[in-house]
Amino acid sequence: MTAPTAAHPPLARKARHPYRAALATVRARTGVALVGLVVLAGLLAPLLAGHGPTDQSGLALAPPGTPGHPLGTDDLGRDLLARLLHGIRADLGIIAVAVPLGAVLGCLFALVAAAHPIADTVVQRTFDLILAFPGLILALAVTAVLGPGRLPVILVIALAEIPVFGRLLRTGILVQSGREYVTAARVGGTSGGRILTRHILPNAADPLVVQIAVSLTVAVFIEGAMSFLGVGVRPPEPTLGAVLSQSMPYLAQAPHFAAGPLVTVTALVLGLSLTAEALNREIRR
C-alpha cells in the first residue's frame, strides 16, 4: 500500500471580476439600493402619483397627510408627491442622456489625441478652453443662446464632462502604452490599431466606469443648480431643483415643501457616491 500524498494541491480559486467583487460589498449594495429606489420611483411616477404634476387644487400649502395629498401641496395647490415623482423622472432622463454623451465625446477626443502629437496638443487646448469657464458661466452662456429648457441642461452637463473623461482616458492610454505587454505586442508585429483596441483600451477603461458613477452625481447637482437659478427646465414642468427653488420663500411657513426634493437628492447622491467608492476600491487593488 502506498501512503496518501498531497501530490495534487487544490486548484486556486479564480479571481472574481472587480466589478462583481465591488457589488458584493455592503457599501455598494447600499448604494445600489438607494439609487434603485429613486430610479424605481421615477419610472413608476405615473402610477404612484395620484395627480398630475401641474394639476391645481384649492389647497395651497396644505400640510403632509392632507386627504389626497400625502406630502401636502405647494403654493399653487399642486400635489407635492406628484411633482416630486415627476421631477425625479425628469432629472433621470436628463442625466441619463447628458453623462453618456459627455463620456462618449470625451473618449473620442482622447482617441484623436492618441493618434498624433499635434492632435494631442489641439485636444488638450480644447479641454483647457472648456475648463476655463466656471460651471455657472457656462450654464448662463448656453442658456443665453438656446433659452431655458432640457437641451441646454443636457449640453452644459455634457460639456462639463468631456474634459473629465477625455483626460482620464488619455492618461490611461499613455500609462498602458509604456507597459511591457504593449512593447511585446509591437515586437511581435501586432498592428497599432489592434494593440489599441485589444490591449490598451480594455485595461484603461476601468477608471471610466468609476467616473461614470461620479459624473452622475455631479450631473444631479448641475441640473439642480440650473433649475434652482431659473435657467434650467421651463416651468411648470417639475424637476427636483425647480421644486426646491419654489419652496425657498415658504421655508418658515411650510418646511415640508422642501423636504421631498432634499431627501431625494441626498439619497441619490449618497447612493451614487457609495457605489463609485466601492468600485474604485476594488479596481485599485
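In this briefing, a patch is made of residues with over 30% relative accessible area and no salt bridge, and its nonpolar side chains are joined within 5 Å. The structure described here is a predicted model.

**The nonpolar patch**
- Nine names make up this surface patch: Leu-129, Phe-133, Leu-136, Ile-137, Leu-140, Phe-228, Leu-229, Met-248 and Leu-251, and together they have about 800 Å² of accessible area.
- Two or more residues come from each of helix 6 (135-146) and helix 10 (206-229).
- Helix 6 gives the largest share of the patch, with three residues.
- Phe-228, a member of the patch, lies in helix 10.
- Phe-228 has a relative accessible area of 35% and is therefore partly exposed, since that class lies between under 20% for buried and over 50% for exposed.

**The largest pocket**
- The volume of the largest pocket is about 240 Å³.
- Its lining has 16 residues, of which Ala-114, Ala-115, Ile-173, Leu-174 and Ser-177 are the closest to the centre.
- Helix 4 (80-115), helix 5 (117-131), helix 7 (150-177) and helix 9 (192-204) each give two or more residues to the lining.
- Helix 4 provides the largest share of this lining, five residues.

**Thr-30**
- Thr-30 is located in helix 2 (residues 26-43).
- The relative accessibility of Thr-30 is 35%, so this residue counts as partly exposed.
- Although Thr-30 and Leu-272 are 242 residues apart along the chain, their C-alpha atoms are separated by 9.7 Å.

Conventions
Residues are numbered from 1 along each chain as its sequence is written. This is a predicted model: local features need pLDDT of at least 70, side-chain atom pairs count only at pLDDT 80 or more; totals for chains, interfaces and linings use all residues. Side-chain values use heavy atoms; hydrogens and water are left out. Helices (H or I, at least four residues) and strands (E, at least two) are DSSP runs, numbered from the N terminus. Buried means under 20% relative accessible area, exposed over 50%, partly exposed in between (1.4 Å probe, protein chains only). Accessible areas come from the Shrake-Rupley method with a 1.4 Å probe; for residues, only the protein chains shown count as cover. A salt bridge is a side-chain nitrogen of Lys or Arg within 4 Å of a carboxyl oxygen of Asp or Glu. On a 1 Å grid over the protein atoms alone, a cavity is a set of points where a 1.4 Å probe fits but cannot get out, and a pocket is an open set with protein on both sides within 12 Å along at least five of seven lines; lining residues have an atom within 4 Å of a point. Grid points are joined across faces, edges and corners, and a volume is the space filled by probe spheres set on the points.
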